[in-house]
Amino acid sequence: MASMASEIIAFLVSISGWVLVSSTLPTDYWKVSTIDGTVITTATYWANLWKTCVTDSTGVSNCKDFPSMLALDGYIQACRGLMIAAVSLGFFATIFALFGMKCTKVGGSDKAKAKIAFLAGSVFIVSGLCSMTGCSLYANKITTEFFDPLYVEQKYELGAALFIGWAGASLCIIGGVIFCFSISDNSKTPRMAYTYNGATSVLSSRPKYQSGEDFKNTSSSKQFDKNAYV
């Protein structure tokens, strides 16, 4: 029962993390920068993995998609690949988890379900690591440019998508670890206790005969009975 409850908790935590990781891909604010005027913000620059935009004080946004995938910076290509891999792995891990959980009717025996649940937990952990690596790589590029005194172009700060990705990655890793440890109860199969009474002797199974004296007394009494009626 405890193993089933831990699997349900792990599934909910992992699914929540996978949803958060998936939501970071279309999120706009991976990095953001503002230009403040005397009274109001005059312009907001922001970018994600697919485009870069600027929003003026009236709320009108002008965006520009990245022209070519091959002409992109290496860290953007790496982040794209890692985030797409994280979403794909999370999807397959969810399917494995549905087959490996005890509360479902598919997946085979308990031993087979335990193996599938362990596989689901491992894939969730890998998915979380991919997302964590992608977000950290993007954040490292932002902070390196921000604190570089020789960098004269527009400097950005960390956007909301990075924090969402880190949170989702953490949930995926935590859920995967719970999945992996939930199979410990499945491996503890109860053993039947047998009592050894020793080998039964052949002589002890035979009926006990009377002693020699009793046999003689019995035979003599039978003879006396026969003589009494003569």
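**Pocket, cavity and disulfide in a predicted model**

The largest pocket is lined by 16 residues, among which Lys31, Phe66, Asp73, Tyr75 and Ile76 lie nearest its centre. The structure is a predicted model, in which local features require a pLDDT of at least 70 and side-chain atom pairs are counted only at pLDDT 80 or more, whereas totals for chains, interfaces and linings use all residues. Residues are numbered from 1 along each chain as its sequence is written, and side-chain values rest on heavy atoms, with hydrogens and water left out.

Grid points are joined across faces, edges and corners, and a volume is the space filled by probe spheres set on the points. By this definition the largest pocket holds about 250 Å³ of space. Helices α2 (74-100) and α3 (110-146) each supply at least two residues of its lining, where helices (H or I, at least four residues) and strands (E, at least two) are DSSP runs numbered from the N terminus. The lining of the largest pocket divides into nine nonpolar, three polar and four charged residues, with Ala, Val, Leu, Ile, Met, Phe, Trp, Tyr, Cys and Pro counted as nonpolar, Asp, Glu, Lys and Arg as charged, and the others, Gly among them, as polar.

One cavity of 30 Å³ or more is present in the structure, and the largest cavity has a volume of about 40 Å³. The largest cavity is lined by Lys31, Tyr75, Lys141, Ile142, Glu145 and Tyr156; Lys31 and Tyr75 are also among the residues nearest the centre of the largest pocket. Helix α3 gives the most to the lining of the largest cavity, with three residues, and this lining comprises three nonpolar, no polar and three charged residues.

The chain contains seven helices and five strands, and from the N terminus on its elements run α-β-β-β-β-α-α-β-α-α-α-α. Of the 230 residues in the chain, 30% are buried, where buried means under 20% relative accessible area, exposed over 50%, and partly exposed in between (1.4 Å probe, protein chains only). Among contacts (heavy atoms within 4.5 Å) between residues at least 6 apart in sequence, 62% join residues at least 24 apart.

A search of the whole structure finds one disulfide, defined as a pair of cysteine sulfur atoms within 2.5 Å. This disulfide joins Cys53 to Cys63, with an S to S distance of 2.0 Å. Cys53 lies in strand β3 (residues 51-56) and Cys63 in strand β4 (residues 61-65), so the pair ties together parts that are 10 residues apart in sequence. The torsion about the S-S bond of Cys53 and Cys63 is about 115°, and the disulfide is therefore right-handed. Cys53 is buried, at a relative accessible area of 3%, whereas Cys63, at 42%, counts as partly exposed. Elsewhere, the sulfur of Cys79 is 7.6 Å from the closest cysteine sulfur, that of Cys135, which is too far for a bond; Cys79 is buried at 0% relative accessibility.

Strand β2 (residues 41-47) contains Thr44, as well as Ala43. Thr44 is buried at 17% relative accessibility, and Ala43 is buried at 12%. Beyond its neighbours within four places in sequence, Thr44 is in contact with Val32, Ser33, Thr34, Cys53, Val54 and Thr55, one of these being the disulfide partner of Cys63. Ala43, with residues up to four places away again not counted, touches Ser33, Thr34, Ile35, Val54, Thr55 and Asp56. The C-alpha atoms of Ala43 and Val54 are separated by 6.7 Å, although the two residues are 11 apart along the chain.

Gly100, in helix α2, is buried with a relative accessible area of 1%. Gly100 touches Glu7, Lys113, Ile116 and Ala117, not counting residues up to four places away in sequence. Gly100 and Phe118, 18 residues apart in sequence, are 8.1 Å apart from C-alpha to C-alpha.

The buried residues of α4 include Ala161, Leu162, Gly165, Gly168, Ala169 and Cys172.

Definitions and conventions. 1 Å grid on protein atoms, 1.4 Å probe; cavity = no way out; pocket = protein on both sides within 12 Å on 5 of 7 lines; lining within 4 Å.
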